[in-house]
Amino acid sequence: MTRVPIAGVGMTKFGKNGERTARELFAEAAGKAFEDSGLSPDDVDEVYYGNFMGEIAEQQGHSGPLAADAAGVTAPATRIESACASSGAAVRHGVNRVRNGDVDVVLVGGAERMTNLSTADGTAGLAAAADALWEIKAGVTFPGAYSLMANRYFHEHGGSREDLAEVAVKNHDHAVENELAQFQMEIDVDKVLDAPTVCSPFGLFDCSPMSDGGSAALLVSEDFADDHDLGEVAITGTGQDGDRLALHDRVSMTRTPAAERAAEMAYDDAGIGPDDIDVAEVHDCFTIAEVLAIEALGFYEQGEGITAATNGETAIDGDLPVNLSGGLKAKGHPVGATGGAQISELTKILRGDHVNSDAVSDAEIGLTHNAGGTVASCVVNVLEVMN
Ligand code: COA
């Protein structure tokens, strides 16, 4: 295990910012990371930038160098695309580059502009993360695909719409004081159940929203961190795995083996196990996704994660707080920025300078879980307070 200190983090407020380009959103996030760390763009050796649908939303490809330039950096810059796991993968790539000993300072993160598109066009754009030949042609959208997974979960393991609603209520609760979150409003179970149906069993509040936003983190080598007195928190474990893209090709619709394997890899890398995690940011693009995530990460047995929110176990005052940032549900989900935003929020939570830090003041080890599509790609990172 080689620790990769996080020298600085930043993210924009997530929400409807459709008039701002993805490059502007990334530049703002990177500017905050520079300010947070005291480093300057001249210190950066390489950039890894997550973005999923730039071609669709902005007619913009080749966005690695573009994003780096917007952040004031002249250095090798590469866009990483892995659907909603794009910036989680960018972070992992940066970690590996630092660990290889090739670079001392890497700027990672991502951005997405979505709300300049109509919901219909955005939904069609996001569907490009599914199998175009078989799923999209059959009419699958992401709310549709995850609703299939939710219905199958109910069939195999039980659980109810109310249990899913509790996930949304919890994550909205966590976001109330988070000024960077898209929705800073409390909701209750009745509001979730009474909301318009998006795709049964999901109503409006079972879904993450369309969002614009950027995220960034500066990862540095241990020597660089020692020399510059940086990095209260470090990435100590990382894992990534994949699965067959299309849902119908999977052995199970209620398990996410890519996440299971990515978690195992990250735990082994950090020399810990699921019981050591004090706080987690997981990919709750739909309420059922949080349930599948906490099972895949080993926090719950299969079929038992469904009541975690109902029982208060994953709430801010529960045994294992999940999505203290508000998660994708309430913080928002600008897809290419999400994995980097998880790192930004968790770093602040562990450092003690997040609005929800006080609730977990003893937390020393946290985890991020960032998934692409119906978890055909997944990146898990372990973060620890450096002692
Ligand atoms: N949760 C809570 N409120 C939401 C919301 C959500 N997910 N999405 C939109 N809203 C709110 C808006 O803020 C707006 O409120 P206002 O009237 O007070 O301003 C209202 O609902 C209508 O917003 P609008 O954008 O017109 O909603 P919509 O019906 O066009 O879209 C969804 C709603 C759920 C269909 C859309 O957000 C969606 O497709 N989400 C899923 C995104 C996705 O698939 N991401 C990838 C995951 S893998």
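Good morning, colleagues. Please keep in mind throughout that this is a predicted model.

I begin with the chain as a whole. The protein chain contains 14 helices and 11 strands. Its radius of gyration is 19 Å, close to the 21 Å that the globule rule gives for 387 residues, so the chain is as compact as a globular protein of that length. Along the principal axes, the C-alpha atoms occupy a box of roughly 55 × 45 × 40 Å.

Burial and contacts come next. Of the 387 residues, 63% count as buried. If we take contacts between residues at least 6 apart in sequence, 79% of them join residues at least 24 apart. The accessible surface of the chain is about 14100 Å², and carbon and sulfur atoms account for 45% of that area. As for charge, there are 24 positive and 63 negative charges, and their mean positions lie 8 Å apart.

I now turn to strand β11, which spans residues 377-385. How many of its residues are buried? The count is 8 of 9, so β11 is largely enclosed by the rest of the structure. Strand β11 has antiparallel pairings with β8 and with β10. With β8, residues 233-242, the pairing runs over 9 bridges, and here T238 has N381 of β11 as its bridge partner. With β10, residues 365-372, there are 8 bridges, and H369 is partnered by V380 of β11. Strands β10 and β11 form a hairpin with 4 residues between them, where G373 adopts a positive phi near 60°.

Let me close with some backbone details in the loops. The peptide bond between S200 and P201 is cis, with omega about 15°. P201 itself sits in the loop between β5, residues 197-199, and β6, residues 202-203.

Two residues other than glycine also deserve attention for positive phi values. D229 has phi near 55° and is placed in the loop between α10, residues 222-228, and β8. N323 has phi near 65° and lies in the loop between α12, residues 287-296, and α13, residues 327-331. Is each of them buried or exposed? D229 has 72% relative accessibility, over the 50% cut-off, and therefore counts as exposed. N323, by contrast, has 0% relative accessibility, under the 20% cut-off, and therefore counts as buried.

Thank you for your attention.

Definitions and conventions. Residues numbered from 1 in each chain as written. Predicted model: local features only at pLDDT ≥ 70, side-chain atom pairs only at ≥ 80, totals over all residues. Heavy atoms only, no water. Rg over C-alpha atoms; globule rule 2.2 N^0.38 Å. Buried < 20%, exposed > 50% of the residue type's maximum accessible area, 1.4 Å probe, protein only. Contact = heavy atoms within 4.5 Å. Areas by Shrake-Rupley, 256 points an atom, 1.4 Å probe, with all protein chains shown as cover. Lys, Arg positive; Asp, Glu negative; His and termini not counted. Charge placed at Lys NZ, Arg CZ, Asp CG, Glu CD. Pairing = 2+ DSSP bridges.
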